[in-house]
Amino acid sequence: MKRKIERFNPFVYMIRSLFGMFIIVMISLISLILLSYFLSATPKRTIYYFFSGPFSSLYAFGNMINDAIPLIIGGLGVSLAFRAGNMNIGGEGQVYTGALIATIVAIALEGFGEIGVVLSIFLAMAASGLLAGFSGYLKAKWNTNELITTFLVSNAMILIVNYLISGPFVDPLTNLISTRQIPEVAELTLVLPPSNLNTSLVTALAAVFIIHALMYRSKTGFELRMYGNNNKFAMYAGISHTYYQIMPMFVSGAMYGLSGAMAIFGTYHAVIKEFSVGLGWNALAVALIARYRPFAVIPAALFFAYIDSGAHSAMLYSDVTFELSSIVQATVFFLVSSVTLQRLGLGKRRV
Amino acid sequence: MSHVLEMIDVTKMYQETQRIANHKVNLELNRGEILSLAGENGAGKTTLMKILYGLIPFDEGTIIIDGKKQNIKNPIAAQRLGIGMVHQHFMLVDEFSVAQNVVLGNEITTKGLFYDSKKNNKRVAQLIDEHNFTIHAEDKVARLSVGEKQQVEILKMLYRDIRILILDEPTATLTIQEITSLFANLRRLKKRGVSIILITHKIHEIKEISDRVCIMRAGEMIGCYETRNVDESFISKIMMGDMRTKIEKSPLKRSREAILSLKSVTVMRRHQTQPLLDDINIELFGGEILGCAGISGNGLGQLESILLGALPLSKGEITYHDELLSTTHQRATTRKLGLPFVPSDRLYIGSSLEATVSENMIATSRENFFPPFGIQKKKIYQHTSSLIKDYDIKATPHQLIGTLSGGNIQKVILAREIEKIKDLIICSEVTWGLDVGSALFVHKKIVELRNTGVGVLLLSSNLDEILSLSDRLLIFSRGSIVAHFNETEIPHLTKEQLGPYLLGKATKGLNR
């Protein structure tokens, strides 16, 4: 009997799976173009500066990449947690907490030089990790919904950090609500002056490799994905439920903490009130767009940063407000949650 | 001449797996006939019928209804053409009444707005009378038995004036009495001119009910025959492509020490006095197949759950050699220990549908493929490929396991578990839903294992399987073991003789 069996081609599959994402990005960019005609008196100018702005100078280009760094780091954590079937939506509070812990520890340990800096990063990761891990623990213990607990804990932490930086840790020498500046030893080197792009880029890229290796090239990652795919099967295969409810949450929190610390050491040099607003959510959106694959997190984060940067330049050189970027990002965020759109290139699922 | 339905050269390839499910398939259906569509799992029967019912699009071919070429895009279009399908898994709203379920989507309303329950009930009651069904229009569906729910599904179709009725393995979950009444109903429908297509792989039912049988194999239509002109062995031969062979067992060589033992294992349900498992004692030795049989709901399910560690014991203990696996109020650690286990729920417990074949293959022996740092991709690929070859699984290592047919998924699970056997394997409903060829393959494997000294604990509600494989046999009824048969008694046992024990009306050989 003759039967044509073609081999499963992963490359073709990848291209086809990207098609849906391409459509989503196109829809959001087209909506941007249409909006410009409504919102702007000089729509062509707006569109021109929106798209070309990020590449108009080294300064703009460097800043765009710099903006992507915390999104990459945060997005990696979300991806890992989601692969284990856990959702961490407390990124906002975890970034903010990580930033504060990194800052005050770095200031306190100024006398220890580099060791103090490294320690402050680890403590920031541990603190944010514990915040998210706590939700994982509650889930393992009482089967609470981590979607709700991460969000609630995060909101509480935002208020607590706000209090701490406007009270106990406030810098009396500035007019901002902000902590003191971190010691010079903790400031990361700029790599593309005059832009803010700094060596935290190396951390982000290293994190991509590490998280990828953890997820796809280790036994832990294998167990984690099996647990996320089907926890009954995981139980049958002797995979610990408790561990994979807590560990991935801890790691995702720690990654958020790291992204907060990197933002401070690389760019802000002090915790300014609400400096990180939106970072947690955007990292979540980045993970969604990347569909929880570590290497895809990089282009997804760059895309988000590009939109932000484009809106900045359009705001400077034309007559629109910065909210334009939020609209585009919101459109992507909304569309990306549609499984149908995402699977557009893959054809119908077998019934 | 007057075919109600013709399918010509229908071809369908599943894009994701590049698997040809139907290749130039032709099918004709006469008015008022019962046609069996037979074939092994994965032969393409269900795909062909789903195409006809508009559930999946096809690549090439023509469908002609009443002499007119039709393009059936979805089930609603199919129903408009008079085609209806009853799925293996019912699609009913449990909280609704029979009448509400039947009319759902086509309700009789007052002023085009309000559900008129009186008229609807009357219409459905009339329909039930017309077809001599045994259900009542006002009964809640949740309270019906499986056979009665199936009647509701059939009624749903009749209410929509269906002339071509497709039934997907309708007898799979029915009792013998329910099957008898289903067949009586089908014969009545046939007399009224309804054409019926039965998807099945039970050969004796094909002979009993159908006028013609069409047999598919590996996506192709092999042939259609008048049922009265062919016998059962011919049908099975065509279905499998080769003849059946009998399983040879070597003389029993039982080990001296028990491998697995359960001592007075009891499982209580909260707030109830009748235990789900009552003082169960089992000793499994090496080199034997110990069968555990029972009608569903009599304790086999709980036995599987406690062995899986999904359910804690209320009392008793389980040991593996000298190692205590669980005792009072504990869950068994069989899974952490990784004892080979083929669970009855192969789709949700035995495999991870979203993972690839190779990921499923290594899941229970993963420590062999992950050195302290990294992963041995080559070793995984070779391991999976060789198992795929040894077990004749129709799959590639990187394919998602959810795209395989049920029989092939079960082979993946078996391959994985058999591969890591030391001296014991636990199998539950190991051939449930498999076609003749796959079932025979599985049975041979199990006997092979037993011949090499492995202890096999075989939980099954399939009496043919239990009787042809077991060396010793335990019968479960209402949570207790009511009978024990040894190797000298089993060869003389028949299914009928087991009846009273299964129903808990007799006991035997319990003094061991």
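Tutor: Start with one strand bridge: B:Val267 has B:Leu277, in S14(B), as its bridge partner. Keep in mind that this is a predicted model.

Student: What makes S13(B) and S14(B) a pair?

Tutor: The count of bridges. Two strands pair if there are at least two bridges between them. S13(B) and S14(B) have six, in the antiparallel sense, so they meet the cut-off of at least two.

Student: In which order do the four strands of the open sheet of chain B run?

Tutor: The order is S14-S13-S16-S17, and the pairing is antiparallel.

Student: Why are S14 and S17 of chain B said to stand at the edges?

Tutor: S14 and strand S17 (323-326) of chain B each have a single partner strand, so one side of each has no neighbour in the sheet. Neighbouring strands are turned by 20° against each other on average, direction ignored.

Student: Which strands does helix H9 of chain B lie across?

Tutor: Helix H9 (residues 300-308) lies across S13, S14 and S16 of chain B. The angle to S13(B) is about 115°.

Student: How do you know that B:Lys249 and B:Asp471 form a salt bridge?

Tutor: Their closest N and O atoms are 3.3 Å apart. The cut-off is within 4 Å, so the pair counts as a salt bridge. B:Lys249 is in the loop between H8 and S13 of chain B, and B:Asp471 is in the loop between H15 and S21, 222 residues apart.

Student: What makes B:Arg254 and B:Glu487 a salt bridge?

Tutor: The closest N and O atoms of B:Arg254 and B:Glu487 are 3.1 Å apart, and the cut-off is within 4 Å. B:Arg254 lies in the loop between H8 and S13, B:Glu487 in the loop between S22 and H16 of chain B, so the bridge ties together parts 233 residues apart in sequence. B:Arg254, at 33%, is partly exposed. B:Glu487, at 32%, is partly exposed too.

Student: How far apart are N and O in the salt bridge of B:Arg472 and B:Glu288?

Tutor: 2.7 Å. B:Arg472 sits in strand S21 and B:Glu288 in the loop between S14 and S15 of chain B, so parts 184 residues apart are tied together. B:Arg472 and B:Glu288 are both buried. Shared partners join B:Arg254, B:Glu288, B:Arg472 and B:Glu487 into one network of salt bridges.

Student: How many salt bridges does the whole structure have?

Tutor: A search over all chains finds 20.

Student: How do you know that a disulfide joins B:Cys214 to B:Cys224?

Tutor: The S to S distance is 2.1 Å. The cut-off is within 2.5 Å, so the pair qualifies. The link is right-handed, with 110° about the S-S bond. B:Cys214 is in strand S11 and B:Cys224 in strand S12 of chain B, ten residues apart. B:Cys214, at 0% relative accessibility, is buried, while B:Cys224, at 34%, is partly exposed.

Technical notes. Residues numbered from 1 in each chain as written. Chains lettered and ligands numbered in written order. Predicted model: local features only at pLDDT ≥ 70, side-chain atom pairs only at ≥ 80, totals over all residues. Heavy atoms only, no water. Salt bridge = Lys/Arg side-chain N within 4 Å of Asp/Glu carboxyl O. Helix = DSSP H or I, 4+ residues; strand = E, 2+ residues; numbered from the N terminus. Buried < 20%, exposed > 50% of the residue type's maximum accessible area, 1.4 Å probe, protein only. Axes fitted to C-alpha atoms, helices over the stretch in contact; angles between N-to-C directions. Contact = heavy atoms within 4.5 Å.
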